Amino acid sequence: MTRLAGRISRYLDIPYQSPRPSTEGQITRLIGLTLEAVGLRVALGDYCLVEVGGGQQAEAEVVGFAGDRIYLMPLHSIDGLSPGARVTPKVGASLVPVGPGLLGRVIDGIGRPLDGKGALDAEDMVPLAGETINPLKRHPIEKTLDVGVRAINGLLTVGRGQRLGLFAGSGVGKSVLLGMMTRYTEAEITVVGLIGERGREVREFIDHSLGSEGMARSVVVASPADDSPLMRLRAAQLATRIAEYFRAQGKNVLLLMDSLTRYAQAQREIALAVGEPPATKGYPPSVFAKLPKLVERAGNGETGGGSVTAFYTVLTEGDDQQDPVADSARAILDGHVVLSRDLAERGHYPAIDIEASISRAMPQIVDPAHLQLAMQMKRIWARYHQNEDLIAVGAYARGSDAETDRAIDLMPVLRAYLQQGMQEPMPMQRSIQELAVIMQTPPAQPKPNQPVAGVRRVGGGA
């Protein structure tokens, strides 16, 4: 009897938790992209299964509620949905596949393969939301990352764990630049998130920009423009989660996301659909709350761990750098690379505007001699463009300013340095050496007041 009493007392010490009741609800209204249901007991962020006819079910996420009304956003097509359709909570947490078996594969926003290569060889299934790292435990940015692009290596040096924005309008070569960095980077693993792009561009990026060499050590998460906004949102989060997984394994990861703007637009569609009021140029406040939550997940891990170096493309509407998403991204990122439409129209690729671009981590990760060379080249480039109109019309007289004369002499070599072919990798050390050779070129010694070659000096004379 004493033994039985002891066993019962041990069980009494365990706190009792009543099981969460399983309920079913029904669809009462469809407004735009949002489903309204009643009769459910679910929490924000939970997933439900909605009957859409023919015995099929569509997965939907709980994105809001008002009283007993639950707002759901479907991940897939809901063709065939009828009034009163049954809704049931999905059993178990939403888990996503991770592991080395994902390398060389193309998946969608919920981890399903899109490449026709069969089932994924996933090592583990993990929650979509990663663990938050204490900022004081993150390893500081101390080492450079060779991305294989001369202009970035030499003038906008990237550090392991840095997060940069690639600001560009449409058609100025951002996808090509991303492909070059994917193929030539020294990072061990690359994760590419293609968010909200045209479906045709997904295949083109994989076949032409990425190539077989880049694809072998990459994972591509693709959610084209015709996917639901929730699927686009999940694709960006899944790409980040896969990068976090490899970082936890001690790997140095390069995360390329094209684009952060499409991620913000997907959140805008969801927020407006559930009734959130627009604030800045049609963007609700939740958009600007979501951006840092996504971006802050990249970066270095704890000391002794791996790193996630991230490039996020930001689409600037009409090349407007003051677009609200671009302005917000610029504030939360560790630097930005701006692509110039003017340079692209001149056939200058990659069309990096070095005057408008900056790497905030560069002064801490390069030696003083390299930093001095980069600043000197930027100064010469800026001096030429300050006087470009005068030079073009022949109003500048050679000898008026020694630094401008030097800029004119060096401009052909500077332009050649900043341009690079798609199939032309450029290691970090060579990028620095070529920059040093250019900056050590002695200035030309023209005769006083000699006009610039090929133009006429204002004030008479041929």
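Which element gives the most to the lining of the largest pocket? The legends below walk through that lining and a second one.

**View 1. The largest pocket holds about 910 Å³ of space.** This is a predicted model in which local features need pLDDT of at least 70 and side-chain atom pairs count only at pLDDT 80 or more, while totals for chains, interfaces and linings use all residues. Residues are numbered from 1 along each chain as its sequence is written, and side-chain values use heavy atoms, without hydrogens and water. Among the 33 lining residues, Ala-129, Gln-237, Lys-290, Lys-293 and Arg-297 are the closest to the centre. A pocket here is an open set of points on a 1 Å grid over the protein atoms alone, where a 1.4 Å probe fits, with protein on both sides within 12 Å along at least five of seven lines; lining residues have an atom within 4 Å of a point. Its volume is the space filled by probe spheres set on the points, joined across faces, edges and corners.

**View 2. Helix H5 gives the most to this lining of the largest pocket, with six residues.** Strand E4 (56–66), helix H5 (229–248), helix H6 (260–273) and helix H7 (285–295) each give two or more residues to it. Helices (H or I, at least four residues) and strands (E, at least two) are DSSP runs, numbered from the N terminus.

**View 3. The second largest pocket has a volume of about 360 Å³.** Of its 16 lining residues, Glu-131, Ile-133, Glu-244, Arg-247 and Ala-248 lie nearest the centre. Strand E9 (124–127) and H5 each give two or more residues, and H5 gives the most, with five.
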